Amino acid sequence: MTQPDNMADRTRDGKGRFDCDPATAERDARAAALRGRSMTYQAIGDALGISRQSAFDAVHRAPSDTMEEPAAAARALELQKLDAAERTVLEGLEREHVTACPREDRAARGWVRARR
């Protein structure tokens, strides 16, 4: 496999890793934006012409890239989804449930919940 012509021109960060070039940062931002629309990594890879693994890497690299907005939007959407799921679960847990035991039996056994 041959290296791109610009490989020698690329700069490195303080840890010796190559800095992200603008084209890669733009692709990572697009990948994060697509993930923010709930697309799968395979669909993101297909849309960007990269592999599923490259799409996964791009989405997870996006928060550290210079283009933070699409990554922030993806994170915000995921947090909204988690909040909605948590609310749904808590509502289900707090709801009165039907039991197969007659009320008299429940009262005798101490199963009747005090009304609020």
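Buried means under 20% relative accessible area, exposed means over 50%, and partly exposed is in between, with a 1.4 Å probe and protein chains only. Take Glu26: its relative accessible area is 33%, so Glu26 is partly exposed.

Some ground rules, quickly. This is a predicted model, where local features need pLDDT of at least 70, side-chain atom pairs count only at pLDDT 80 or more, and totals for chains, interfaces and linings use all residues. Residues are numbered from 1 along each chain as its sequence is written, and side-chain values use heavy atoms, with hydrogens and water left out.

Now, helices. Here they are DSSP runs of H or I, at least four residues, numbered from the N terminus; strands would be E runs of at least two. Glu26 lies in helix H1.

Let's look at how the helices meet. Axes are lines fitted to C-alpha atoms, for helices over the stretch in contact, and angles run from 0 to 180 degrees between N-to-C directions. H1 and H3 have axes that come within 8 Å and cross at roughly 95°. That makes H1 roughly perpendicular to H3. The cut-offs are these: under 35 degrees is roughly parallel, over 145 roughly antiparallel, 65 to 115 roughly perpendicular, and the rest oblique. Who makes the contact, meaning heavy atoms within 4.5 Å? On the H1 side, it is Thr24, Arg27, Asp28, Ala31, Ala32 and Arg35; on the H3 side, Ala58, Val59 and Arg61.

Next, H2 and H3. Their axes also come within 8 Å, and they cross at roughly 100°. H2 and H3 are therefore roughly perpendicular to each other. From H2, the residues are Tyr41, Gln42, Ile44 and Gly45. They meet Arg52, Ala55, Phe56, Val59 and His60 in H3.

Two of those names bring us to rings. How many aromatic pairs does the structure hold? It holds 1. Rings of Phe, Tyr and Trp (its six-membered ring) pair if their centres lie within 6.5 Å; planes under 30 degrees apart count as stacked, over 60 as edge-to-face, and the rest as tilted. The partners are Tyr41 and Phe56, with ring centres 5.1 Å apart and planes at 70°, so this pair is edge-to-face. The pair links distant parts of the chain: Tyr41 is in H2 (residues 41-48) and Phe56 in H3 (residues 52-61), 15 residues apart. Is Tyr41 buried or exposed? Tyr41 is buried, at 18% relative accessibility. Phe56 is partly exposed, at 33%.

The charged end of Arg35 sits over the Tyr41 ring, 4.3 Å from its centre. To count, NZ of Lys or CZ of Arg must be within 6 Å of the ring centre and within 35 degrees of the ring normal.

Stay with Arg35 for a moment. Arg35 is in helix H1. At 24% relative accessibility, Arg35 is partly exposed. Set aside neighbours within four places in sequence, and Arg35 is in contact with Thr40, Tyr41, Ile44, Val59 and Glu78. Arg35 and Ala73 are 38 residues apart in sequence, yet their C-alpha atoms are 9.5 Å apart in space.

Last topic: salt bridges. A salt bridge is a side-chain nitrogen of Lys or Arg within 4 Å of a carboxyl oxygen of Asp or Glu. The whole structure has 3 of them. Which residues form a network? Arg27, Asp28 and Arg61 do. Between Asp28 and Arg27, the closest N and O atoms are 3.9 Å apart. Between Asp28 and Arg61, the N to O distance is 2.7 Å. Asp28 is buried, at 0% relative accessibility. Arg27 is partly exposed at 24%, and Arg61 is partly exposed at 29%.

There is also a bridge between Glu78 and Lys81, at 3.6 Å, N to O. Both residues lie in helix H4 (residues 68-94), 3 residues apart, about one turn of the helix. Both ends are partly exposed: Glu78 at 31% and Lys81 at 36%.

To close, go back to Glu78. Glu78 bridges to Lys81, and Glu78 is also in contact with Arg35. Arg35, in turn, has its charged end over the ring of Tyr41. Thanks, everyone.

How values were computed:
Contact means heavy atoms within 4.5 Å.
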